Each structure stands twice: as C-alpha cells, then as structure tokens.
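Work through the following exercises with the sequence and the 3D structure at hand, and try each task before reading its solution.

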Amino acid sequence: MEESVNHTFSYQALFRAAAPLAVVDSDLGLLQVNPAFSAMFEVPAEAMVGTSLLDCVVESDHGEVREACRGLAANPGAEPEPITFRFRNVHGKLRYVRAFLRRLPESAANLLTLIDVTKEKYFEYQLKKRLRETQQQHQALDSTLKAVQHAKQEWERIIDCVDGMVILTDNWGHIKRCSKSLKTQLGLDYKELLGQPFDKLFADFELIPRQDGESYDLFNPKTQHWYHVKTFLFMEQDETASGAVITVNDFTEMKRLNQDLTGKGAELEKAYEELKATQSQILHQEKMACVGQLAAGVAHEINNPMGFIISNLSTLEKYIERFSAYIQDLDGALANFPCDELAALSSRRKELKIDFVCADSVDLIRESLEGADRVKNIVQNLKGFSRVDSAQCCSTDINECLESTISIIWNEIKYKATLERDYGKLPLLTCYPQQLNQVFLNLLVNAAQAIPEQGVIRVETRCEQGDIRVKISDTGGGIPPEVLSRIFEPFFTTKEIGKGTGLGLSISFEIVQKHGGEILVDSRPGEGTTFTLRLPLQGVENSFADGVSM
C-alpha cells in the first residue's frame with residue numbers, strides 16, 4: 001500500500017513539475033492538465049478540464065491535430081511524430097507549439113506534451129526574411145558586377161581600336177590600364193606593363209616623358225620615330241586628381257613630310273592643326289544634326305495631338321455658347337412659373353453656381369486655347385529650328401531663323417537677361433538655314449553666359465549695302481583685349497574646364513565665311529560685347545554643302 005502511494009505521489013509530482021503536459025481522450029478532450037500547461041494558455045487548470053484542446057487551436061490547424069490523434073488511435077504503439085500548430089490564449093496572443101501525442105499504457109487516454117516554439121518560429125521567419133533580402137542584394141550586386149564587367153570590356157575593345165597608345169596612370173605615374181597598341185609598341189605583355197612606372201618604361205624605350213599636363217613631342221633616336229604625347233588629368237567628382245590619361249601618337253610620317261618639303265613646313269603644321277580642328281568640328285556638327293532630327297521628331301509627335309486638342313476646345317467653346325443661350329431661353333420661360341417653384345429653382349441655381357460656371361467656362365476655354373496656341377507655336381519654332389527638311393540650300397527669312405532659335409534657347413536667356421528685338425525688313429536670303437541657326441544659337445548662348453546676374457541682350461537685323469547684317473549684343477563682362485584676337489581659334493576658350501569646348505565660335509566663323517560673309521566683334525571689358533554678322537545677299541553656292549553639311 002505504501003509503495004502504491006509513493007508511486008502515485010511521484011507520478012503526480014512529476015506531472016505537476018514537468019513542461020506543459022495534458023491528458024486527453026481520443027476526441028482531444030482535456031482530462032487533466034498540469035500547471036505549466038494552464039500557464040501557457042493562461043487559463044486555470046480546473047477551467048480547462050472538460051473542454052476540448054481544439055477550442056484554443058487556430059481553426060486552420062484543426063485538421064492536422066485531428067489527423068495525429070486518429071493516427072495514434074490506429075497505431076497505439078507507434079513512435080509519435082511531432083506536430084506543430086498554433087493557438088491563441090484568452091488574450092488573443094498567438095503562439096506556436098510543437099506537440100507530442102503518446103498513448104498512456106493500459107489506458108484509452110493520451111498524454112500530450114507541448115513545447116513552446118514561438119521564438120524559434122520568429123527567428124526562423126527572420127532568418128528566411130534576411131535570406132531573401134540577402135539573395136536579392138546578391139542578385140542586384142551580381143547584375144551590377146556584370147554590367148560593370150560588360151562596360152569594362154566594351155571600353156577595352158574601344159581603346160584597343162585606337163591607333164595611338166592610350167595609358168591610364170595613378171597619381172604616382174604607375175600604369176593602371178593601357179591599350180593594345182602600347183603592348184605591341186613596347187613588345188611587352190600586359191602583366192609586364194601594369195603597375196610599372198610610365199616614365200621608366202618610356203626611358204627604356206629611349207623616350208624621356210614629362211607629366212606636366214601639356215602636350216609635347218618626343219623623338220626616339222633608336223627607331224627614328226616622332227611621338228606626340230598629351231596628358232589629361234583624371235578628375236574625380238570631388239575635383240581631385242586621381243591619376244592621368246596619357247595619349248601617345250606616332251606622327252613620324254607627318255614629320256618627315258614636313259622636313260622633306262623645304263619652305264613648306266609651317267604650312268604642313270598648319271594643315272595638320274586644321275585637320276584636327278576640322279575633325280572635331282565635323283563631330284560637333286554631326287551631333288547637332290542628331291539633335292535637329294530628334295527635335296523634328298518630337299515636334300511632329302507633339303503637333304498631331306495639339307491639333308485635335310485645339311479643335312476639341314474650339315468645338316467645346318461653341319457648345320458652351322449654345323448652353324448659355326439655352327439657359328437664357330429657360331430664364332425667360334421660367335418667368336411664368338409659380339413663385340414657390342421658381343424660388344426653388346433659383347435657389348438650386350445659386351447652389352450649383354450655374355451663372356459662375358457658364359461665365360468661368362468661357363474664360364477657361366479661352367485661356368486653354370491661348371495655351372494650346374503657344375504650345376503649337378513653340379512646336380513650329382522647334383521644327384523650324386531643326387530644319388531637317390531644309391538640308392539643301394534654300395531661300396530663308398533670317399528674322400524667322402532668329403525667332404525659332406530664340407524660342408529654343410529661351411529658358412537659357414529668360415533668367416539672365418531682358419531680350420530686346422529690333423528686326424528690320426529683310427529680303428529672303430539663299431543659305432543653309434540650319435547652319436545659320438547653329439551660329440545664332442552659339443552667339444545667343446555665349447551672350448547669356450557672359451552676363452553674371454542680370455543684363456540685356458539685343459538682337460538687331462538690317463539690310464545695308466547689299467548685305468544682311470545681324471547684330472547680337474550683350475551687357476556682360478566683355479572680352480579682355482589680350483584674348484580678343486584668339487576667340488575664333490579652334491579649342492580656345494576662356495570658360496572653366498568642362499563648360500566649353502572652344503569650338504562654338506570657330507564653327508560659327510567657318511559657317512559664316514563659307515556663306516561668303518564675315519563676323520566682326522566689338523567688346524569693351526565691363527560694358528559688353530557685340531557680334532556683327534555680314535551675310536551677302538547674293539547667297540551661297542551649293543558647291544560648299546559638303547564642306548559644312550549638317
């Protein structure tokens with residue numbers, strides 16, 4: 001008897017002290033629960049006995065719990081498989097538990113053991129979330145790396161196609177990148193070139209370079225070759241230099257021709273410089289042609305919808321007029337209505353603001369039509385400026401060319417200057433209008449950029465002594481006398497690095513010159529600058545179209 005009591009006492013003590021345990025029948029009814037079990041559900045033990053476990057389990061998990069109970073009933077001696085389900089306590093708090101269901105020996109009841117795995121599930125969710133984020137970041141980095149590698153390969157292929165040698169060095173003159181032509185010229189592999197001092201390699205090649213940021217010529221007595229070397233500082237976004245780009249071009253043949261032609265060396269040097277300038281001008285002009293084609297395409301696409309917008313607004317204006325006339329007729333007819341009904345209609349009319357709507361609709365449509373007309377004019381000016389359909393020589397109104405150009409760059413001017421126009425009556429001029437538009441564009445942009453804060457830009461046209469004269473003046477800072485004679489030289493600019501190519505005035509000078517005209521400049525420091533274009537009325541010959549075609 002004492003042994004039985006001790007056994008019962010030990011079982012009850014173990015039951016009460018253990019992790020959450022419960023004794024359930026075959027239908028998951030709770031027969032007995034220990035304190036840990038009732039604490040997990042936050043319900044007193046006596047209140048839980050006699051209820052069903054499924055009362056607390058989330059409904060979507062009922063099927064899995066029942067299936068486990070049926071499986072245990074069918075195979076009482078089988079090793080139990082853990083199941084995971086969710087329940088909500090009396091306060092609605094959701095928790096995850098892992099449950100083990102075992103058949104009690106010599107009994108129809110089952111022992112249910114619960115383990116709280118809420119934190120485990122939370123950490124598992126966080127881990128999966130972080131894994132997904134890491135995978136996404138990895139994919140993004142992988143895509144970026146592939147794009148960088150592709151861009152690097154493209155640039156390497158482009159540099160390798162250049163005839164001259166191209167070298168990228170760090171701040172200490174060590175080679176970081178180079179073109180294939182340098183490898184071929186020095187007879188070294190890339191591994192032997194990368195990381196080596198640029199000056200040492202060239203000294204071994206019997207060339208003594210200097211990295212002063214300027215262009216200079218070197219002679220190799222061993223090979224009897226001449227090389228033109230130019231150094232460009234490689235600037236970072238914070239305006240600090242992180243290295244240099246060095247180009248080396250073999251111009252031996254040009255040098256020999258120059259030396260062989262006695263007395264004509266200076267002419268060949270000049271021709272060489274003009275050739276380089278012409279090449280840059282052609283590239284610039286091709287870019288302008290692309291911009292012109294793009295502008296014409298945009299103008300065409302905008303012009304079509306603007307046509308039916310204006311048409312619809314005009315029709316709507318007529319409809320509003322009809323509605324207003326009809327309302328007036330209704331006002332006359334309503335005069336014979338009973339007073340109480342008339343007062344109600346009048347009150348409703350005031351509530352809906354019918355009079356205001358009719359009056360304001362007319363103003364809104366009028367303003368919309370004015371805005372649509374302005375857009376249409378801008379589109380026409382844009383199309384006129386591009387003049388893709390006028391690549392050939394044709395008769396042109398210079399005043400119209402100026403207006404289309406001003407419309408295109410108005411945003412550049414309106415914040416800096418007041419624009420004054422003084423157009424004279426001009427005959428049509430036979431010319432290449434797109435090229436003259438480029439001249440006007442360059443001069444007007446320069447005038448706006450010459451004004452530091454606020455000033456005046458004046459455009460004047462006249463027909464005098466068989467010429468059309470166009471004057472573009474500004475009240476900017478003027479041009480210093482010491483550089484005035486050089487402003488039409490290719491690549492000469494007084495602007496900061498990165499803000500000017502030095503080709504605008506050079507290209508303008510050439511276009512006007514090939515039209516048989518000239519550009520005159522009058523500038524006073526602190527007062528402003530005036531450019532005067534003289535274009536002969538006899539026009540221009542078609543034969544020069546290939547020289548400056550756009």
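**Exercise 1.** Determine which strand holds Asn110, and decide whether Asn110 is buried or exposed.

*Solution.* Start with the secondary structure: Asn110 lies in strand S5, residues 110-116, where strands are DSSP runs (E) of at least two residues, numbered from the N terminus. Next take the accessibility: Asn110 counts as buried because its relative accessibility is 1%, and buried means under 20% relative accessible area, with exposed over 50% and partly exposed in between (1.4 Å probe, protein chains only). Finally look at the side chain, which makes a polar contact of 2.8 Å with the side chain of Arg103; such a contact is a pair of N or O atoms within 3.5 Å, of which, within protein, one must be able to donate a hydrogen and the other to accept it, and residues adjacent in sequence count only if both atoms are side-chain atoms. The model is predicted, so local features need pLDDT of at least 70 and side-chain atom pairs count only at pLDDT 80 or more, whereas totals for chains, interfaces and linings use all residues. Residues are numbered from 1 along each chain as its sequence is written, and side-chain values use heavy atoms, without hydrogens and water.

**Exercise 2.** Find which residue caps the N-terminal end of H13.

*Solution.* Helix H13 spans residues 398-408, helices being DSSP runs (H or I) of at least four residues. The cap is Asp397, with a side-chain oxygen 3.0 Å from the backbone nitrogen of Asn399. Asn399 is itself one of the buried residues of H13.
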